[in-house]
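Colleague: I'd like a close look at one part of this model. Could you take me through it slowly, with the cut-offs as you go?

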Amino acid sequence: MRDTARKVEEKYFSNLATHVEFLPVEWRSKLTLDGDTVDSITPDKVRGLRDMLNSSAMDIMYYTSPLYRDELVKGLQQELNRLYSLFCSRNPEFEEKGGKVSIVSHSLGCVITYDIMTGWNPVRLYEQLLQKEEEEELEERWMSYEEQRLLEELYITKQRLREIEERLHELKASTISKPPVLKFKVENFFCMGSPLAVFLALRGIRPGTSGSQDHILPRTICNRLLNIFHPTDPVAYRLEPLILKHYSNISPVQIHWYNTANPLPYEHMKPSFLNPTKEATSAPDTESASAAPSPTTSPVMVRRHYGESITNIGKASILGAASIGKGLGGMLFSRFGRSSATPQAMETGKDGPEGDEKKATAVGTPPLPHSSSGFLEPTVELEHRIDFELREGLVESRYWSAVTSHTAYWSSLDIALFLLTFMYKQDQEETEKPNLDTI
């Protein structure tokens, strides 16, 4: 990520005064957990696949275990604070000049970071559940007068005990100020390949009626939440439908190719319907392609065929060739044309909508899903879009991509540009508009 971000930074953000530094937070290897117990019980056949599962899926099992959850949370929390303190000690002007901190998390790291920021604690919830069950038992179950009297006395005593404990905690808090969990405020929280939505759904989070991010992550804790995923990543889930239910039928925002000329700013993209019935399995024919909008100006495109492949292009070309047939030539042009930034691709977007439609045939872009109402105008919209989807490669095998996509976010130039665009957002707004055209 450091290497890809540096290339993108030099190309698009070299005129800005500030600089983004990426600090890797490696916390997992320091934890003892079960030692080598899981490794010793792992069979030897298909060892590579098993090791991959042990290093990713097993962490989720560790995190759902009451035995190891606290160890995982404290390990990441301490490492985040340690790195921040070390960075500030070496760069004393960072805090003085109001430097901002964003967190880029991957997979389970998104869930752990979320729990650190929000202070979510399953033990506290369990205590609340027990209290509720006690109250219901007291109200509903038939019992003798003596038993009822003793239970009421026990209930009153427990309530009194809880009140005394709360007063004691308040007294301690007033005399000794408790330091915040993290030593810094989080400006942007980027989640990559994140299962956070599933965890929140299993914790009882349900869609609300307000389009505010506060429904799942208060802005006082984190200014902006952004959920990045590849369409074939089996571990990644959407967050927007947890805030407003009808967003399950709205396309996630498509992440721009890193060398797209004059892309439409993300905040100007209008939401549009998903149209799964029109998802094609091969390249669009000439007629439909000729009517397609340009990838540089389209707010949302059909889900299946997106730009930069997150998998290896050589393997994907071989695996995908059999099912692509006559459309292979056009799609290969699209894949390699964007990588080399051909003049045709770089000029796209300068001739207005008509010129865009003419160029769409050359780049092999699929058509927009058409609906009776076109772009959405829902009664309630999200204040800010949260789900951002990478463009799927035209000639990649979806099955191969499902295996590789979850671990390949770090090296994507598209993601590097996306991260830097939001991190440099304030600086971009302060610069002149002509400079924005290059981003």
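This is a predicted model: local features need pLDDT of at least 70, side-chain atom pairs count only at pLDDT 80 or more; totals for chains, interfaces and linings use all residues.

Colleague: What kind of unit do β2, helix α9 and β3 make?

Modeller: They make a right-handed β-α-β unit, with α9 covering residues 196-202. Right-handed here is a viewing rule: with the strands pointing away from you, the path from the first strand over the helix to the second runs clockwise. Helices (H or I, at least four residues) and strands (E, at least two) are DSSP runs, numbered from the N terminus.

Residues are numbered from 1 along each chain as its sequence is written, and side-chain values use heavy atoms, with hydrogens and water left out.

Now β2 itself. Seven of the seven residues of this strand (residues 186-192) are buried, so β2 is largely enclosed by the rest of the structure. Buried is under 20% relative accessible area, exposed is over 50% and partly exposed is in between, with a 1.4 Å probe and protein chains only. Two strands pair if DSSP finds at least two bridges between them. β2 runs parallel to β1 (residues 101-106), and five bridges join the two; among them, Phe-190 of β2 partners Val-104. β2 also pairs with β3 (residues 222-229), again in the parallel sense, over six bridges. There, Cys-191 sits opposite Asn-227 of β3.

Helix α6 (residues 108-118) is worth a look too. 10 of its 11 residues are buried, so α6 is largely enclosed by the rest of the structure; among the buried ones are Leu-108, Cys-110, Val-111, Tyr-114 and Met-117. Just after α6, Gly-119 takes a positive phi of about 75°.

The axes of α6 and α4 (residues 69-90) come within 10 Å and cross at roughly 80°. Axes are lines fitted to C-alpha atoms, for helices over the stretch in contact, with angles from 0 to 180 degrees between N-to-C directions. α4 and α6 are therefore roughly perpendicular, the name for 65 to 115 degrees; under 35 is roughly parallel, over 145 roughly antiparallel and the rest oblique. On the α4 side, Arg-69, Leu-72, Val-73, Leu-76 and Gln-77 make the contact, meeting Gly-109, Ile-112, Thr-113, Asp-115 and Ile-116 of α6. Contact means heavy atoms within 4.5 Å.
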